[in-house]
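Visitor: I have a model open here and would like to talk it through with you. Could you take my questions as they come?

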Amino acid sequence: MTTSIVEELVLRTAETHGVPGPVAQELVAGSRPCLHLVPFQGLTPAQQDAARPAARTGGLPCLPDGVDWPDGRKPLVLTVECAALPREALDIELPSDGSLLFFTHIEYEPESSVVLHVPAGVRTTERSAAYELDGEPEQVRVYQPDVLYPVPGLTVSPDWRDSPATSTFLDKGADRDDMLDDFEDAVRTAAAGGASYGVAVQLGGFSSPWQSAPDEDDLVLFAQIHGQSIDLNVYTQTLIVGTREDIAARRYEALEFEQQV
């Protein structure tokens, strides 16, 4: 969404929620675009009619010749088809083609995690989950594959309520916090076109952490993966951050992973 479209959406939503224009403008200034990757059932009927898949949870990785599972045999949790993403929806630079593969443990704190980019046109082979360790047969955890669809969205900085007009608005009544909660939720729902993104995968934007936000200083959110978006029985959140420079240069080995529960 362009800045003018975001501003129009936020101001329209503010009017229906009784939020002053200056407060709405501060939310616009404190917002960042993102992409939600949601299952088909999370889309609205109108979105389903135009849906184009862009990612897949779980399954087995397709890797180039000479490239094996990352060290530690971490499960594949997400594969993103870069060419299928609406690139104008993000303010971080992702590859224009090929696939991004995310390997990490989501059921417990991973010792390490890996993001790989497989360029388009490179010959790949699906890797087996079976392997040997010290002569004994082992099996990599394989999560149930599920197709995900991209939905442009909007995220809001956790600091936007410290802005002058918003702080003054909050000081005028005990119910103002709840008003802004409802307003912010309505803005994000409207930006996502009504799609259900609560436990989806998110690319870019501000994080929605359960604890301290890892995207601070020069670190920005690369991806946020709810455990339930991979396995309904896993209640964790994996946050992946890096600098804009490392993300743009595809230095994914420099990314930082944090799991919250």
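Visitor: Let's start with a side chain: is R251 buried, partly exposed or exposed?
Guide: This is a predicted model, and in it R251 has a relative accessibility of 36%, so the residue counts as partly exposed.

Visitor: Which residue does R251 form a salt bridge with?
Guide: The partner is D246, and the closest N and O atoms of the two are 2.6 Å apart. D246 has a relative accessibility of 17% and therefore counts as buried, the cut-off for buried being under 20%.

Visitor: How many salt bridges does the structure hold?
Guide: There are 12 salt bridges. Among the residues involved, R161, D177, D181 and E184 are linked with one another in a network.

Visitor: What does R32 meet in a salt bridge?
Guide: The side chain of R32 meets that of D91, at 2.7 Å from N to O. R32 sits in strand β1 and D91 in the loop between β4 and β5, so that this pair links distant parts of the chain, 59 residues apart.

Visitor: And how accessible are R32 and D91?
Guide: R32 is buried at 8% relative accessibility, whereas D91, at 29%, is partly exposed.

Visitor: Where do E107 and R141 lie?
Guide: E107 belongs to the loop between β5 and β6, and R141 to the loop between β9 (136–139) and β10, so their pairing ties together parts that are 34 residues apart in sequence. The two form a salt bridge in which the closest N and O atoms are 2.5 Å apart. E107 is partly exposed, with a relative accessible area of 42%, and R141 is partly exposed as well, with 38%.

Visitor: Changing topic, in what order do the strands of the sheet run?
Guide: The open sheet is formed by 10 strands, and the order across it is β6-β5-β4-β2-β10-β1-β11-β12-β13-β14, with antiparallel pairing. The edge strands are β6 (114–118) and β14 (256–260), each of which pairs on one side only. From one strand to the next, the twist averages 25°.

Visitor: Which helix packs on the sheet, and what does that helix touch?
Guide: Helix α5, residues 176–191, packs there and touches β1 (31–38), β10 (146–156) and β11 (201–203), while its direction makes about 135° with that of β10.

Visitor: What holds paired strands together in general?
Guide: Strands of a sheet pair through backbone hydrogen bonds, and the pairing can be either parallel or antiparallel.

Visitor: Over how many bridges do β4 and β5 pair?
Guide: Strand β4, residues 76–81, and strand β5, residues 99–103, pair over five bridges in the antiparallel sense.

Visitor: Last topic, the cysteines: how many disulfides does the count come to?
Guide: The count comes to zero, with a disulfide taken as a pair of cysteine sulfur atoms within 2.5 Å.

Methods. Residues are numbered from 1 along each chain as its sequence is written. This is a predicted model: local features need pLDDT of at least 70, side-chain atom pairs count only at pLDDT 80 or more; totals for chains, interfaces and linings use all residues. Side-chain values use heavy atoms; hydrogens and water are left out. Two strands pair if DSSP finds at least two bridges between them. Helices (H or I, at least four residues) and strands (E, at least two) are DSSP runs, numbered from the N terminus. Axes are lines fitted to C-alpha atoms, for helices over the stretch in contact, and angles run from 0 to 180 degrees between N-to-C directions. Contact means heavy atoms within 4.5 Å. A salt bridge is a side-chain nitrogen of Lys or Arg within 4 Å of a carboxyl oxygen of Asp or Glu. Buried means under 20% relative accessible area, exposed over 50%, partly exposed in between (1.4 Å probe, protein chains only).
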